[in-house]
Amino acid sequence: MKKVFFLVGALILTIALTGCNKSASGGSDDDGIQKLTIKFSHVVAENTPKHQGALAMKEYIESESNEKIKVEIYPNSSLFGDDDEYQNLVSNNVQFIAPDISKFVGHNPQFNVPSLPFAFDNDEAAEAFWDGEKGQEILKSLKKDGVLGLYWWPNGGKHVTSNSGPIKSPDDFKGQKFRTQGGQVLESIYSRLGAGSESIPFGELYTALDQGVVDGEENTSSNIESKKFDEVQKYMTIMNHTRVDYAIFTNTTFWDSLNDKTKEIVEKGVEKGTKVAREKAKALNEESLETIKERGKTEVTELSPDQIQEFRDALEPIYDEFEDDIGSDVYKAVREANDEYGDSE
Ligand code: SIN
């Protein structure tokens with residue numbers, strides 16, 4: 001009788017422990033692949049390089065694991081938003097996130113690099129920087145929190161939208177208020193231009209623009225188009241003055257729980273996702289800009305090289321202001337990436 005009680009007790013305990021398991025984990029059978037559900041949370045829409053990269057990752061992992069590993073993607077801040085995704089990654093409530101890194105400057109000021117004005121001559125130079133020694137060092141800098149940076153998913157240049165007058169020269173910023181992704185560099189850019197700024201989560205941005213909490217914002221064309229910000233912004237200026245670049249992060253609790261066979265599939269999946277996110281970025285941003293122009297809800301302004309130069313001159317002092325925080329070695333690596341891949345002879 002005692003034995004029966006013991007067996008029933010053990011069974012109940014096993015069921016209870018399985019039910020409590022909030023994170024991705026599970027057993028494996030003879031093919032050695034663990035049965036898992038992996039969650040990937042992000043804040044942008046489906047028609048974006050980030051979501052397309054996440055989809056490619058899902059397709060590869062699910063098919064290579066014969067569906068033993070499921071990847072659930074939560075776009076549009078439907079699981080976690082800007083304010084809570086980091087903490088939930090650390091707690092392993094989510095296994096992958098790919099934030100715009102300028103939102104993580106509180107964890108490492110070097111995540112301000114995409115916000116440095118006109119830092120990269122083009123996408124190729126940005127990609128080369130992130131893939132280089134300094135970029136990789138920055139990617140790995142969150143290990144202290146159990147957060148592992150796997151790859152960079154560079155997106156592209158940001159443009160400015162506004163409801164309170166077109167932006168054609170630095171003076172046009174005066175008196176307007178802009179939403180930023182966060183961070184000291186973006187804040188300093190707006191204050192040097194005589195504008196106010198406020199960091200607002202991406203999931204709340206459409207409403208903030210619609211209700212006039214801020215006059216404008218800066219973003220990639222694919223984010224502006226896929227979230228229909230042009231519906232609530234009268235003007236858009238092609239600036240490419242700062243960038244949106246993502247890092248794909250996982251956590252050590254999840255990562256260390258994977259056996260070799262499972263990890264190999266997941267790692268390869270992330271690699272596939274990286275390739276797709278990178279390949280799609282330029283094309284989607286270009287297509288989105290065309291769509292915005294066709295929709296005709298916002299007036300799109302292209303600036304001449306001389307007009308762009310005015311912004312470069314106005315924002316140049318930012319480099320001195322943040323050199324100590326970001327590091328002269330990082331500045332040097334940015335310059336080297338431009339020398340090798342940039343536009344100048
Ligand atoms: C993103 O691309 O992940 C969001 C960018 C933003 O918050 O503006």
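I began with helix H4 (residues 123-131) and helix H13 (residues 328-341), whose axes come within 8 Å and cross at roughly 135°. I took helices as DSSP runs of H or I with at least four residues, numbered from the N terminus. The axes are lines fitted to C-alpha atoms over the stretch in contact, and angles run from 0 to 180 degrees between N-to-C directions. That angle makes H4 oblique to H13; under 35 degrees counts as roughly parallel, over 145 as roughly antiparallel, 65 to 115 as roughly perpendicular, and the rest as oblique. I noted the crossing of H4 and H13 as right-handed (the near helix is turned clockwise from the far one by less than a right angle).

This is a predicted model, in which local features need pLDDT of at least 70 and side-chain atom pairs count only at pLDDT 80 or more, while totals for chains, interfaces and linings use all residues. Residues are numbered from 1 along each chain as its sequence is written, and side-chain values use heavy atoms, without hydrogens and water.

I then listed the contacts, meaning heavy atoms within 4.5 Å. Glu124, Ala125, Ala128 and Phe129 of H4 meet Val330, Ala333, Val334, Ala337, Asn338 and Tyr341 of H13. I counted eight nonpolar, one polar and one charged residues in this contact. Ala, Val, Leu, Ile, Met, Phe, Trp, Tyr, Cys and Pro count as nonpolar, Asp, Glu, Lys and Arg as charged, and the others, Gly among them, as polar.

Next I took H2 (residues 49-64) and H10 (residues 260-295), with axes that come within 7 Å and cross at roughly 150°. H2 and H10 are therefore roughly antiparallel, and their crossing is right-handed. The H2 side of the contact includes Pro49, Gln52 and Gly53, and the H10 side includes Ile265, Val266 and Lys268. By class, the contact of H2 with H10 has twelve nonpolar, four polar and four charged residues.

For H6 (residues 184-192) and H12 (residues 318-326), I found axes that come within 11 Å and cross at roughly 165°. This makes H6 roughly antiparallel to H12. Gln184, Val185, Ser188, Ile189 and Arg192 in H6 meet Ile318, Glu321, Phe322 and Ile326 in H12. I logged five nonpolar, two polar and two charged residues there.

Which residues are around the ligand? Among them are Val43, Lys50, Asp100, Arg179, Phe202 and Asn223, with a heavy atom within 4 Å as the cut-off. A ligand oxygen atom is 2.9 Å from a side-chain N or O atom of Gln181. For Asn219, the corresponding distance from a ligand oxygen atom is 2.8 Å. A polar side-chain atom of Tyr246 lies 2.5 Å from an oxygen atom of the ligand.

Key. Helices (H or I, at least four residues) and strands (E, at least two) are DSSP runs, numbered from the N terminus. A polar contact is a pair of N or O atoms within 3.5 Å; within protein, one must be able to donate a hydrogen and the other to accept it, and residues adjacent in sequence count only if both atoms are side-chain atoms.
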